[in-house]
Amino acid sequence: LYAYGFDERPQSCEAPIRELFGRMRQRFPHVETMAALNWGKKMPLDMPVTTWVLRYDYYHEKTAAEWLDTGKELWLYHCI
């Protein structure tokens, strides 16, 4: 089960994402949180997002590897 939100929001939305998804993860730990956030190498590893959806042209190999090492998922997408 996934909760999806904050589609392509800028990094200035980090605080509300942390607040909402953080509370959701506390209350419903079995529900995965998913967001399309094109923050590239600026994505904080401690975000309460379990599946990070990233447009492929923002992909950064080192950040992706670090994210995946936390046990979270990374999905890439193409936008035309």
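This is a predicted model: local features need pLDDT of at least 70, side-chain atom pairs count only at pLDDT 80 or more; totals for chains, interfaces and linings use all residues.
I take helices (H or I, at least four residues) and strands (E, at least two) as DSSP runs, numbered from the N terminus. Residues are numbered from 1 along each chain as its sequence is written, and side-chain values use heavy atoms, with hydrogens and water left out.

I looked up Glu14 and Arg18 and found both in helix 1, four residues apart, about one turn of the helix. Their side chains form a salt bridge at 2.8 Å, N to O; the criterion is a side-chain nitrogen of Lys or Arg within 4 Å of a carboxyl oxygen of Asp or Glu. For accessibility I use relative accessible area: buried is under 20%, exposed over 50%, partly exposed in between (1.4 Å probe, protein chains only). Glu14 is partly exposed at 21%, and Arg18 is partly exposed at 26%. I also note that Glu14, Arg18 and Asp46 are linked in a network of salt bridges.

Glu19 and Arg23 are likewise four residues apart in helix 1, about one helical turn. Their salt bridge has its closest N and O atoms 3.6 Å apart. Glu19 is partly exposed at 47%, whereas Arg23 is exposed at 56%.

**Other salt bridges**

I count five salt bridges in the structure. One of them joins the side chains of Asp57 and Arg55 at 2.7 Å, N to O. Asp57 is partly exposed at 46%, and Arg55 is partly exposed at 21%.

I record an open sheet of four strands in the order 1-2-3-4, with parallel pairing; two strands pair if DSSP finds at least two bridges between them. Strand 1 (2-4) and strand 4 (73-77) are at the edges with a single partner strand each, so one side of each has no neighbour in the sheet. Neighbouring strands are turned by 25° against each other on average, direction ignored. Axes here are lines fitted to C-alpha atoms, for helices over the stretch in contact, and angles run from 0 to 180 degrees between N-to-C directions.

Strand 2 (residues 32-36) and strand 3 (residues 51-55) run parallel and are joined by three bridges. I checked Ala35, and its bridge partner in strand 3 is Trp52.

Helix 1 (residues 14-27) lies across strand 1 and strand 2, at about 160° to strand 2. Helix 2 (residues 61-69) lies across strand 3 and strand 4, at about 140° to strand 4.

**Core**

The largest nonpolar core has 14 residues, and among those with the most contacts inside it I list Ile17, Met47, Trp52 and Trp67. Such a core is a set of buried Ala, Val, Leu, Ile, Met, Phe, Trp, Tyr and Cys residues joined through side-chain atoms within 4.5 Å. Helix 1, strand 3 and helix 2 are the elements that give two or more residues to this core.

Leaving out residues up to four places away in sequence, I find Met47 touching Glu14, Ile17, Arg18, Trp39, Trp67 and Lys72; contact means heavy atoms within 4.5 Å.

**Aromatic pairs**

I count three aromatic pairs. Rings of Phe, Tyr and Trp (its six-membered ring) pair if their centres lie within 6.5 Å, and planes under 30 degrees apart count as stacked, over 60 as edge-to-face and the rest as tilted. The rings of Tyr2 and Trp75 have centres 6.1 Å apart and planes at 55°, so this pair is tilted.
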